[in-house]
Amino acid sequence: MGAEIVAEQENTSDIYFICQGRVTAKTFSNRGKEVTYAELTAGSVFGELVTFDGKPRSAFVVAMEESLIVSLSSVSFRAFMENNPSVLWKLAANLADRLRSMDEKIFEFSTLGARNRIHAELLRLCREQMNLDDSARISPAPTHAELASRTNTTRESVTRELNHLRKIGLVDADRSHLTIKDVEALNRMVHEVVDR
């Protein structure tokens with residue numbers, strides 16, 4: 001856990017496939033503030049941009065837990081895509097999903113205050129782990145520092161807001177899980193601000 005797989009501005013050209021585990025793509029400001037771009041899990045690909053532009057790495061990629069990752073040279077990957085065009089379309093769809101997610105975050109950073117950015121990130125995490133009763137159990141639970149990095153806030157702001165959500169009965173948490181008891185209520189909290 002915490003092992004660096006790719007360094008920002010590194011001039012390497014392998015493509016990475018996550019078979020098991022989780023990684024995070026991040027960068028740091030000049031003052032050392034951590035900014036998280038994405039969290040990727042099993043079935044995801046990263047490092048593929050080098051196949052198209054040959055430029056240095058745009059982020060650090062770090063393992064968040066014990067992970068099994070397979071790498072392939074960009075030359076081999078390009079040859080594989082040329083012989084299997086359906087793979088290129090799947091890769092394009094993956095990149096489109098990530099671009100849409102980044103667009104959504106840029107909009108949130110431009111329009112929402114810190115509290116509502118935290119709500120929006122929790123809502124994003126809920127999408128993958130919804131239950132039939134309009135609740136969601138996020139597992140593993142992100143740390144307060146991880147949520148702060150994803151929402152351009154501070155760890156203290158995250159702690160304060162999670163305590164508030166716990167107090168009003170919307171969130172329950174333990175060391176490994178974060179349960180959102182009413183996803184629709186959380187959705188309303190975000191969209192009431194966005195729609196103003």
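This is a predicted model: local features need pLDDT of at least 70, side-chain atom pairs count only at pLDDT 80 or more; totals for chains, interfaces and linings use all residues.
Residues are numbered from 1 along each chain as its sequence is written, and side-chain values use heavy atoms, with hydrogens and water left out.

**Exercise 1. Getting an overview**

Find out how many helices and strands the protein has, and how its radius of gyration fits the rule for a compact globule.

Step 1. Start with the elements: there are seven helices and 10 strands. Helices (H or I, at least four residues) and strands (E, at least two) are DSSP runs, numbered from the N terminus.

Step 2. Next comes the box: along the principal axes, the C-alpha atoms fill roughly 55 × 40 × 35 Å.

Step 3. Now the radius of gyration, which is taken over C-alpha atoms; the globule rule is 2.2 Å times the number of residues to the power 0.38. For 196 residues a compact globule would have a value near 16 Å, and the protein has 18 Å, which agrees.

Step 4. Look inside: 36% of the 196 residues are buried. Buried means under 20% relative accessible area, exposed over 50% and partly exposed in between, with a 1.4 Å probe and protein chains only.

Step 5. Finish with contacts (heavy atoms within 4.5 Å). Among those between residues at least 6 apart in sequence, 68% join residues at least 24 apart.

**Exercise 2. Exploring the largest pocket**

Work out which residues lie nearest the centre of the largest pocket, and which element gives the largest share of its lining.

Step 1. On a 1 Å grid over the protein atoms alone, a cavity is a set of points where a 1.4 Å probe fits but cannot get out, and a pocket is an open set with protein on both sides within 12 Å along at least five of seven lines; lining residues have an atom within 4 Å of a point. Grid points are joined across faces, edges and corners, and a volume is the space filled by probe spheres set on the points.

Step 2. The largest pocket has a volume of about 1200 Å³. Its lining is made of 42 residues, and Tyr37, Ala38, Glu39, Leu40 and Arg98 lie nearest the centre.

Step 3. Two or more lining residues come from each of strand S3 (22–28), strand S4 (34–41), helix H1 (49–53), helix H3 (85–111) and helix H4 (114–127). H3 gives the largest share, with nine residues.

Step 4. Sort the lining by class: 18 residues are nonpolar, nine polar and 15 charged. Here Ala, Val, Leu, Ile, Met, Phe, Trp, Tyr, Cys and Pro count as nonpolar, Asp, Glu, Lys and Arg as charged, and the others, Gly among them, as polar.

**Exercise 3. Pairing up rings**

Count the aromatic pairs, then describe the one formed by Phe17 and Phe77.

Step 1. Rings of Phe, Tyr and Trp (its six-membered ring) pair if their centres lie within 6.5 Å; planes under 30 degrees apart count as stacked, over 60 as edge-to-face and the rest as tilted. That rule gives three aromatic pairs.

Step 2. Phe17 and Phe77 sit edge-to-face, 5.8 Å centre to centre and with 65° between the planes. Phe17 belongs to strand S2 (residues 14–20) and Phe77 to helix H2 (residues 74–83), so the pair ties together parts that are 60 residues apart in sequence.

**Exercise 4. Comparing two residues**

Step 1. The C-alpha atoms of Val62 and Thr24 are 5.4 Å apart, although 38 residues separate them along the chain.
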